[in-house]
Amino acid sequence: MQFYFAIALTLVALVIWGMSLRLFTSTSTPTDASHTKAMGLTLASLLAAWLVALLTPAAGNIFYKGAILLGMLLALFAVLVRQSNFLPSYVVHAHLVLTYALYALAFASQTSGWPTPWALLLVAVAGLLYYFFYPTLFELWSTVAIYGLLIFLAAWQALELALQQPDRWMGWIALAGILLLTVATLLEAQARFRPLRPTWAVAATPLFIMAQLLVAWSIWG
């Protein structure tokens, strides 16, 4: 029964996600009303994703479930802070850093043994991305490095999970979620530090929502 509730909540989240996607892409000059509506749709879809994770019967996987649930709550609060603008932006990023750290811990709790050689590919990509952004980071270079390191750790452990347990879809869906989180972060970062396509940053929030839904479903795997 819980599984069917999770399916229903996922469909609700996807519908809300579609509504928010249309709002984000169709509003060139956001008004207060559209901004409020966008915030409400974003929070509603993230809450639906959190409920999907909450419904998971994870008696033998309680640490994984608890870490993901807490991380998603922090992410939800970060989005609320960002959309409402009632706290400084560093509060948003502090909560997101904790979210990525919790995701990395959750994935690591399901892995063991030596790192996969494929992790070297992640190291190379992470290094190239940081090299791309570094000239414009200035005093934020260390903060961005820590931020990127935690995203890398989450992606690495999700990759390990996928490769160590290929017969389960937990790792693959977790990896897909973290990769979407990474893309969403990169879209915002390039708009701020290396504005090649600043308008692409509008896709960051819809991608972030979908990524959270995927991470929620990884518990069911």
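**Figure 1. Crossing of helices α7 and α8 in the predicted model.** In this predicted model, α7 and α8 cross in a left-handed manner. Their axes come within 8 Å and cross at roughly 160°. With angles over 145 degrees counted as roughly antiparallel, α7 is therefore roughly antiparallel to α8. On the α7 side, the contact is formed by M170, I173, A174, A176, G177, L180, L181, V183, A184, L187 and E188. The partners contributed by α8 are A204, L207, F208, M210, A211, Q212, L214, V215, W217 and S218. Sorted by class, the residues of this α7–α8 contact comprise 17 nonpolar, 3 polar and 1 charged.

**Figure 2. Packing of helix α3 against helix α8.** Helix α3 spans residues 62–84 and helix α8 spans residues 204–218. The two helices pack at an angle of about 165°, and their axes are 10 Å apart. The pair is therefore roughly antiparallel, and α3 passes α8 in a left-handed crossing. From α3, the residues Y64, I68, M72, A75, V79 and Q83 take part. They meet T205, F208, Q212, V215, A216 and S218 of α8. The residues of this contact of α3 with α8 divide into 8 nonpolar, 4 polar and no charged.

**Figure 3. Length and burial of helix α8.** Helix α8 consists of 15 residues. From its first C-alpha to its last, α8 reaches 21 Å, close to the 21 Å expected at 1.5 Å a residue. Of these 15 residues, 14 are buried, so α8 is largely enclosed by the rest of the structure. Burial here requires a relative accessible area under 20%.

**Figure 4. Packing of helix α5 against helix α6.** Helices α5 and α6 pack at an angle of about 160°, with their axes 10 Å apart. This angle makes α5 roughly antiparallel to α6. The crossing of the two helices is right-handed. Helix α5 contributes A119, L122, V123, A126 and Y130 to the contact. Helix α6 contributes W141, V144, A145, F152, A155, W156 and L159. By class, the contact of α5 with α6 holds 12 nonpolar residues, with no polar and no charged ones.

**Figure 5. Span and buried residues of helix α6.** The buried residues of α6 are Y147, L150, I151, F152, A154, A155, Q157, A158, L159, E160, L161 and A162. These buried residues of α6 pack against α3, α4, α5 and α7.

**Figure 6. Surroundings of T116.** T116 is located in the loop between α4 (89–108) and α5 (119–133). Its relative accessible area is 12%, so T116 is buried. Leaving aside residues up to four places away in sequence, T116 touches L159, E160 and L163.

**Figure 7. Position of L129 relative to G148.** L129 is part of helix α5. With a relative accessibility of 29%, L129 counts as partly exposed. L129 and G148 are 19 residues apart along the chain, and their C-alpha atoms are separated by 9.4 Å.

Figure 8. F138 occupies the loop between α5 and α6. Most residues other than glycine have a negative phi. F138, although not a glycine, has a positive phi of about 55°. The relative accessibility of F138 is 59%, so this residue counts as exposed.

**Figure 9. Position of R192 relative to Q164.** R192 belongs to helix α7, which comprises residues 170–192. R192 has a relative accessible area of 55% and is therefore exposed. The C-alpha atoms of R192 and Q164 lie 37 Å apart in space, and the two residues are separated by 28 residues in sequence.

Conventions: Residues numbered from 1 in each chain as written. Predicted model: local features only at pLDDT ≥ 70, side-chain atom pairs only at ≥ 80, totals over all residues. Heavy atoms only, no water. Helix = DSSP H or I, 4+ residues; strand = E, 2+ residues; numbered from the N terminus. Buried < 20%, exposed > 50% of the residue type's maximum accessible area, 1.4 Å probe, protein only. Contact = heavy atoms within 4.5 Å. Axes fitted to C-alpha atoms, helices over the stretch in contact; angles between N-to-C directions. Parallel < 35°, antiparallel > 145°, perpendicular 65-115°, else oblique. Left-handed = near helix turned anticlockwise from the far one by under 90°. Nonpolar A, V, L, I, M, F, W, Y, C, P; charged D, E, K, R; others polar. Expected span 1.5 Å × (residues − 1).
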